[in-house]
Amino acid sequence: MLRFASLFVGVFSAACLIAPAAAPAQIFGTPPIPISVGPHGEGANGPSGHATISGDDRKARYVAFDSAASNLVGGDTNGRTDVFVWSRPHGGEGLRLSQPARPSGSLVRASVSSSEAQGNGDSSNPSLDGSMHNRPGCVTFQSTSSNLAPGDPDPVSDVFVRNFQRGRTVLISRGIGAPAGDPSIDGNCGSVAFDAGGMVFVAREGRGSPHLLGSGSNPSYARDGSAITWMQGGGIMLRAGGHTLRVADSGSDPHVSDRTSGGWAVVFQTGARLTGNDTNPGSDVYMRVIRGDHVAVTDLISASRRGAHSLGGSNLAGGITAYGAPRGIVTFASAQGGSDTLYYRNNHTGNIDDLAHASGGAVIFDVATSARANFVAFSSTYSGFRFDHNGSQQDVFFKALRDGDAL
């Protein structure tokens, strides 16, 4: 997902812009709806972000996000940032999304202990499980709370897994002294990757000590658990198929697809020029296909179509579908001329469509893509999205990109 601290939000669209963008006449899919709202659709009284979608094939049953709001669920009195899990509405409304998602959908707080005690620290950066073959039931997150699980006596940031199907919360970053964060969970609630003290670790839920993967930060698991990508020394690393290789010498916010017959696809953003059609001085989104121990394909994603010149402005990676290249879908956000647009790139056709448009200096970020790209979630400060009651406050939105299966 696109990860940005709140202090970036107000200035992001003004940076690295080279050409104005015309407002799209029509967006692809349903209008975005806010899901970071109270039980009766009331606006949140604090900012929300870091959305993630469960990886369960076409279902996308859940979205998790963090929020400083205290009016999203009852009993939220800790005055801290918490992690929440939203369930997509049942039946046709879960596909049409033509009305405010709540109270049709449901929202629960996930950053609680096994006895449902609310955290005494801040919790953030969630990651949901679920894969093409596994129903989701867990969310991992980082927290400075010291009362969520046994073995965590201090306010140093740790990583936890909340099994919201079983009502159990466990400590993952066991025995790690440095602050731990940026967790990413595999598709069957088996393993969590996270960073701490400039190192990337992998740990099993409730079993043994974390295993050191290597130096770096911001790890991201494939839905099927077959690969992990992370940042190291300003570039992008990948561990997959028994090989560890450097995917790019410069880049950030990497995402990796499941293993396919063509290998793995890694999507990331970079200011480096990796193809001849990259004519943009700002950042661009690329996809590299990994086969065996080498990079087989490099494709500029942030272009109007495959092979075209880059869009311009600043382009940020939003994620890739589980099935990767060449049939996969990639989402990305593009900032140009004081406007942000969320795009959908179809690797099969090479074409893109616009999914959401924010103008007037508002931004789109923290983009998360479902396993088959039939749903997308994102954060935005745009007040013009339908049903948004929070003005220019940072909220989390959800939309359907195409027909999917109801819950």
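I began with a side-chain pair: D76 and R109 are joined by a polar contact of 3.2 Å between their side chains. By polar contact I mean a pair of N or O atoms within 3.5 Å; within protein, one must be able to donate a hydrogen and the other to accept it, and residues adjacent in sequence count only if both atoms are side-chain atoms.

A note on ground rules: this is a predicted model, where local features need pLDDT of at least 70, side-chain atom pairs count only at pLDDT 80 or more, and totals for chains, interfaces and linings use all residues. Residues are numbered from 1 along each chain as its sequence is written, and side-chain values use heavy atoms, with hydrogens and water left out.

Next I checked where D76 sits, and found it in the loop between β3 (62-67) and β4 (82-87). Strands here are DSSP runs (E, at least two residues), numbered from the N terminus. Is D76 buried or exposed? D76 is buried, because its relative accessible area is 7% (buried means under 20%, exposed over 50%, partly exposed in between, with a 1.4 Å probe and protein chains only).

Then I turned to the cysteines and found one disulfide in the structure, that is, a pair of cysteine sulfur atoms within 2.5 Å. It joins C138 to C189, with S to S at 2.1 Å. The pair links distant parts of the chain, 51 residues apart: C138 lies in strand β7 (residues 138-143), and C189 in the loop between β10 (180-185) and β11 (191-196). Both C138 and C189 are buried. The torsion about their S-S bond is about -85°, so I noted the disulfide as left-handed.

Definitions and conventions. Helix = DSSP H or I, 4+ residues; strand = E, 2+ residues; numbered from the N terminus.
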